[in-house]
Amino acid sequence: MFDDARELIRTIREKDPAAHSSIEIIFAYPGFHAIMIHRAAHWCRAQGWESFARWVSHVGRFLTGIEIHPGAKIGRRVFIDHGMGVVIGETAEVGDDCTIYHGVTLGGTSLTKGAKRHPTLGKGVVVGAGAKVLGGFTVEDDAQIGSNAVVVKPVPEGATVMGVPGRIAGQMPKPKASHAKEDEDGTKRPGFNAYGVTASDRDPYASSILELVRVVDEQNAEIKRLSAEIQRLGGSAAEAEVKDFDRSKLWARNPQTKTEVPEEYSDWMI
């Protein structure tokens with residue numbers, strides 16, 4: 001357990017720039033306390049002391065605000081950052097090097113006793129604040145769950161999931177030697193993205209809408225070209241005027257001033 005604690009302290013110092021010392025982590029990091037208490041509760045459950053294990057888990061919840069069922073399997077170097085409101089269910093499995101933020105639920109949707117009701121997180125998974133991962137499926141290695149996403153289906157390796165319900169918004173690039181982390185088996189893993197998302201991630205709905213807008217623009221241009229060609233040949237053009245698509249309707253506006261979002265904030269479009 002002491003080796004596990006030292007390893008977790010090193011991980012926290014790597015992933016949290018607010019961690020100034022090992023002493024600070026030992027005495028003031030609820031995520032560290034929750035993992036250590038869970039190790040004890042899980043061991044008690046393995047001895048068959050199920051009620052006592054639940055009591056130990058309950059004490060951990062009271063002290064940290066993090067609820068981890070004694071039956072859950074937690075890997076090495078799992079960092080629960082901030083932690084308040086995290087719930088990890090009985091049959092959940094969390095792989096090595098995962099990061100879980102406050103308000104996350106690894107919950108079950110089945111009431112069948114003895115069944116695999118809760119999700120399995122592979123190695124290096126990041127689950128952003130407030131995200132809910134519900135069901136007995138697997139989130140594969142290095143996947144990222146964006147804050148407040150609701151995930152109810154399996155997630156492929158390296159995918160970024162956002163939204164309600166969760167949809168794949170992007171794929172992580174293959175790790176580069178300069179920033180990748182190496183597992184014990186030599187596997188290179190991508191760098192760490194806090195909260196599971198980056199500024200470059202796009203909403204899949206927004207991407208689809210923008211693609212439809214592009215198609216409409218091209219169709220309008222072709223209709224205008226054909227109409228002009230018909231007129232040149234002596235025919236009559238379409239009675240209705242073909243108007244360009246008004247892209248300003250895609251922008252957020254102030255309902256009182258009707259002002260459009262400045263161009264420098266165009267990334268917020270849709």
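Which side chains meet in a salt bridge at 2.9 Å, N to O? The side chains of R77 and E7 do so, a salt bridge being a side-chain nitrogen of Lys or Arg within 4 Å of a carboxyl oxygen of Asp or Glu.

## Basis of the model

The structure is a predicted model, in which local features need pLDDT of at least 70 and side-chain atom pairs count only at pLDDT 80 or more, while totals for chains, interfaces and linings use all residues. Residues are numbered from 1 along each chain as its sequence is written, and side-chain values use heavy atoms, with hydrogens and water left out.

## Overall architecture

The protein contains 5 helices and 17 strands. These elements are DSSP runs numbered from the N terminus, helices being H or I of at least four residues and strands being E of at least two.

Of the 270 residues in the protein, 38% are buried. Buried denotes under 20% relative accessible area, exposed over 50%, and partly exposed the range in between (1.4 Å probe, protein chains only). The protein exposes about 15900 Å², of which carbon and sulfur atoms supply 56%; accessible areas come from the Shrake-Rupley method with a 1.4 Å probe, and for residues only the protein chains shown count as cover.

Among contacts with a separation of 6 or more, 39% are accounted for by residues 24 or more positions apart. A contact means heavy atoms within 4.5 Å.

## The R77–E7 salt bridge

A search of the whole structure finds 13 salt bridges, one of which joins R77 and E7. R77 lies in the loop between β2 (73-74) and β3 (79-81) and E7 in helix α1 (residues 2-15), so the pair ties together parts that are 70 residues apart in sequence. Both R77 and E7 are buried.

## Partly exposed salt bridges

E67 and R61 form a further salt bridge through their side chains (3.0 Å, N to O). E67 counts as partly exposed because its relative accessibility is 30%; R61, with a relative accessible area of 40%, is also partly exposed.

In another salt bridge, the side chains of R225 and E222 meet at 2.7 Å, N to O. Helix α5 (residues 204-232) holds both R225 and E222, which are 3 residues apart, about one turn of the helix. R225 is partly exposed at 46% relative accessibility, and E222 is partly exposed at 36% relative accessible area.
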